[in-house]
Amino acid sequence: AGAKKTPEEAHLDITHYKPISDNEILLIEKICNSKIFQNIPIKNYFLDKSEAEKKFGTKLYQGGIVPERNLRIIEIEGNDVEACCGTHCNSTSEIGYLKITKCLRISDGVNRIYFKVGDNR
């Protein structure tokens, strides 16, 4: 549904039919950190927009639409793929430990998860 990332903190807006419970927040953290410490390679390449949309569909735009015709694709194979213009790591372990700092219900069906990673937590 949306995202914002800064060096200090980030948030991710996700659609979900109910508020996220404390137990679910702990589970999300646990799953994220498990993936981070698996040291999964992160692929970074360019694709023509129409080719990328045929291959990956609209899940490319989880962080918002990228207006360029040639998209920079960030892919964590078997886990996630997005079109993105930002700086990225070469593997998940470079991210460091993830800590969810709060979770808010910002509208009907949308939860905002605030988090920090690495030395910022």
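## Strand β7 and its partners

Strand β2 (residues 10–15) pairs with β7 in the antiparallel sense over 6 bridges, where strands are DSSP runs of E with at least two residues, helices are DSSP runs of H or I with at least four residues, and both are numbered from the N terminus. Two strands are said to pair if DSSP finds at least two bridges between them. Within this pairing, A10 has F115 as its bridge partner in β7. This is a predicted model, in which local features need pLDDT of at least 70 and side-chain atom pairs count only at pLDDT 80 or more, while totals for chains, interfaces and linings use all residues. Residues are numbered from 1 along each chain as its sequence is written, and side-chain values use heavy atoms, with hydrogens and water left out.

Strand β7 is also joined to strand β6 (residues 98–107), by 8 bridges, and these two strands run antiparallel. Here I100 stands opposite F115 in β7. The hairpin of β6 and β7 has 2 residues between the strands, and in this hairpin G109 takes a positive phi near 85°. Of the 8 residues of β7 (residues 110–117), 6 are buried, so this strand is largely enclosed by the rest of the structure; buried means under 20% relative accessible area, exposed means over 50%, and partly exposed lies in between, with a 1.4 Å probe and protein chains only.

An open sheet of 3 strands has the order β3-β4-β5, with antiparallel pairing. Its edge strands are β3 (43–48) and β5 (80–83), each of which pairs on one side only. On average, neighbouring strands of this sheet are turned by 25° against each other, direction ignored. Between β3 and strand β4 (residues 70–76), the antiparallel pairing extends over 6 bridges, and the bridge partner of N44 in β4 is I74.

Helix α2 (residues 49–56) lies across β3, β4 and β5, and runs at about 115° to β3. For such angles, axes are lines fitted to C-alpha atoms, for helices over the stretch in contact, and the angles run from 0 to 180 degrees between N-to-C directions.

R72 lies in strand β4. This residue is buried yet has no salt bridge, and the nearest side chain of opposite charge, E68, is 10 Å away. In this count of charges, Lys and Arg are positive and Asp and Glu are negative, while His and the chain ends are not counted. The side chain of R72 does make a polar contact with the side chain of N44, at 3.2 Å. A polar contact is a pair of N or O atoms within 3.5 Å; within protein, one must be able to donate a hydrogen and the other to accept it, and residues adjacent in sequence count only if both atoms are side-chain atoms.

## Salt bridges

A search of the whole structure finds 5 salt bridges, each being a side-chain nitrogen of Lys or Arg within 4 Å of a carboxyl oxygen of Asp or Glu. One of them joins the side chains of K99 and E29 (3.5 Å, N to O). This pair links distant parts of the chain, with K99 in strand β6 and E29 in helix α1, 70 residues apart. K99 is partly exposed, with a relative accessible area of 34%, whereas E29 counts as buried at 7% relative accessibility.

In another salt bridge, the side chains of K43 and E77 meet (2.6 Å, N to O). K43 lies in strand β3 and E77 in the loop between β4 and β5, so the pair ties together parts that are 34 residues apart in sequence. R105 also forms a salt bridge, with D108, the closest N and O atoms being 3.9 Å apart; R105 is partly exposed, with a relative accessible area of 30%, and D108 counts as exposed at 78% relative accessibility.

## Two loop residues

S91 has its place in the loop between β5 and β6, and is buried, with a relative accessible area of 10%. Not counting residues up to four places away in sequence, S91 touches N39, I40, P41 and I42, where contact means heavy atoms within 4.5 Å.

Y17 is found in the loop between β2 and α1 (22–36), and is exposed, with a relative accessible area of 68%. The C-alpha atoms of Y17 and T101 are separated by 21 Å, and these residues are 84 residues apart along the chain.
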